[in-house]
Amino acid sequence: METSPIPVVTVQTAPFEDQRPGTNGLRRKTAVFEGKKNYLQNYIQSVLSSIDLRDRQGCTMVVGSDGRYFSRAAIEVIVQMAAANGIGRLVIGHSGLLSTPAVSCIIRKIKAIGGIILTASHNPGGPGGDFGIKFNVANGGPSPDTVMERIYQVSRTLEEYAICPDLRIDLSRLGRQEFDLENKFKPFRVEIVDTVEVYLQMLRNIFDFTAIKSLLTGPDQPKIHIDAMNGVMGPYVRRILCDELGAPANSAVNCVPLEDFGGRPPEPNLTYATSLVESMKGGDFGFGAAFDADGDRYMILGENGFFVNPSDSVAIMGANLSTIPYFRQYGVKGFARSMATSAALDRVAKAMKLALYETPTGWRYFGNLMDSGRCSVCGEESFGTANSPFSAFMTSLSLMCVHKSCVHLMIVRFDYEGLDPRAAFYLMRDLEAVISDKAFTSQKFAVGDHMYSVEKADNFEYIDPVDGTVARNQGLRIIFNDASRLVFRMSGSGGGMGTTIRIYAESFERDPERHNRETQVVLGPLIAIALKISNIHERTGRRGPNVIT
């Protein structure tokens, strides 16, 4: 029995004024996407329309999610709209699941035009949580500013969207599904692929799986404890760590992706990954790690709960790349870090006589550096490392096969979340006025027996060495003459409920005997200076930060 072609429908709509993408995509409360008529459809149409029609017709795109609530419903809409807008082929993870690094990997491997990732990263999930949409471009990385601006401009004037409301797919069935559409000469194709396989093959080409498996199954095997935090990384941890590398099944916990991540924020830090922290403090495990919802952030803990600061982690990786077969074969090009990340990596770069690039926060800035061959490893203080957090985890295992290493800068981050946007804006504006005053660069701060002299203060500005684009107002920096730093930055990764201000304090500690001291105690004088000059408690009515990392 022949079936009729699926109709393509044009639906009238009206623009929303709040669909400007943030640091990496659009994030809002789930209720906004689910409850506001056409809110999701408008943004997806804006993303699709931002692609030139000549490039869009018949192209391939990748779609994945971290499994959070509303993902399946949103994927159905994306498939229906992609078909109606001329996309020729969609590659989607089994059950809709693909980590952010896996989406990037697949985009590059199959030469897709880009990919849509449904995630709000480390933000809470569930009906009362957050939802988000990221658009990664053809190099696998996040959209650059020019693309995000184009999406926003389309969203402001959108009057209609195209959709095939009768098109249905089965996310549980691996393989190809084809659909005939009205007025289309070629069938629209959807391919449901194994969530892990392509990414696993990439890792096999980078790391020595035989050596790591020998470590994890040998007579002196370390006891490890990995928490997938009920996000998308669960299938990857199970398949790669346990099935491929031979770690005991009980090494990995919370590996079943849940729509609400088990009721906790899927954020791998000392505040939210408490079960991992407590397990590690018990002394039964020698190595621990946790991953966020979509797999682009991680945390590593050592024996007795020793916290490996992400700034140290990326520096240790850079210093020991010779342990990894891929870099032994192709060499190391250079390093990059976000401005808020500590300068530990700078010291590694200097010792290895390699270039170091300091960028704004946001992975899109690393993409140009890596594609142009300037950078091999990059990282952010928010627990993200290239090529991916799981690669950082695998690198740590590789180092355990060879030796132990340590680089140490003391760094702490205070997050003040859910602030009134106007209060946050004026606080940062007034603080910039203070540090921009010429007299500030000669100011000294005495706290107890510590004396800090300001050497430099500015609002960080970045000029991309590849394409010359300029990113301004990326965060306020105060650098002291002993290389200690304070950084104040408004975050764009919230879900739409207020504004977040992050304060970073950093100081280099040369004496290895002092590395195990409590970080907040060591950095107490710097923190006191930060609180004094910002007046953040008085101006926001807060007694302290929501999260300390």
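Tutor: Contact here means heavy atoms within 4.5 Å. This is a predicted model, in which local features need pLDDT of at least 70 and side-chain atom pairs count only at pLDDT 80 or more, while totals for chains, interfaces and linings use all residues. Residues are numbered from 1 along each chain as its sequence is written, and side-chain values use heavy atoms, with hydrogens and water left out.

Student: How many residues of domain 2 are in contact with domain 3?

Tutor: The domain assignment, automatic or from a database, places domain 2 at 199–401 and domain 3 at 410–548. Their centres, taken over C-alpha atoms, are separated by 26 Å. On the side of domain 3, 23 residues take part, and on the side of domain 2 the number is 26.

Student: What area is buried between domain 2 and domain 3?

Tutor: Interface size is often given as the accessible area lost when the parts come together. Buried area is that loss with a 1.4 Å probe, summed over both parts. Carbon and sulfur atoms give 53% of the total between domain 2 and domain 3, which is about 2100 Å².

Student: Which residues of domain 2 lose the most area to domain 3?

Tutor: Together they account for 27% of what the side of domain 2 buries. They are Met 339, Arg 347 and Asn 368.

Student: How many salt bridges are there between domain 2 and domain 3?

Tutor: A salt bridge requires a side-chain nitrogen of Lys or Arg within 4 Å of a carboxyl oxygen of Asp or Glu. The whole structure has 28 such salt bridges. Arg 485 and Glu 358 form a salt bridge at 3.7 Å, N to O. Between domain 2 and domain 3 the count is 2.

Student: Why does the salt bridge of Arg 485 and Glu 506 tie together parts that are apart in sequence, and how many residues apart are they?

Tutor: The side chains of Arg 485 and Glu 506 meet at 2.9 Å, N to O. Strands are DSSP runs of E with at least two residues, numbered from the N terminus. Arg 485 lies in β25 (485–491) and Glu 506 in β26 (499–508), so the pair links parts whose separation in sequence is 21 residues.

Key
Buried area = accessible area lost by both parts, 1.4 Å probe. Helix = DSSP H or I, 4+ residues; strand = E, 2+ residues; numbered from the N terminus.
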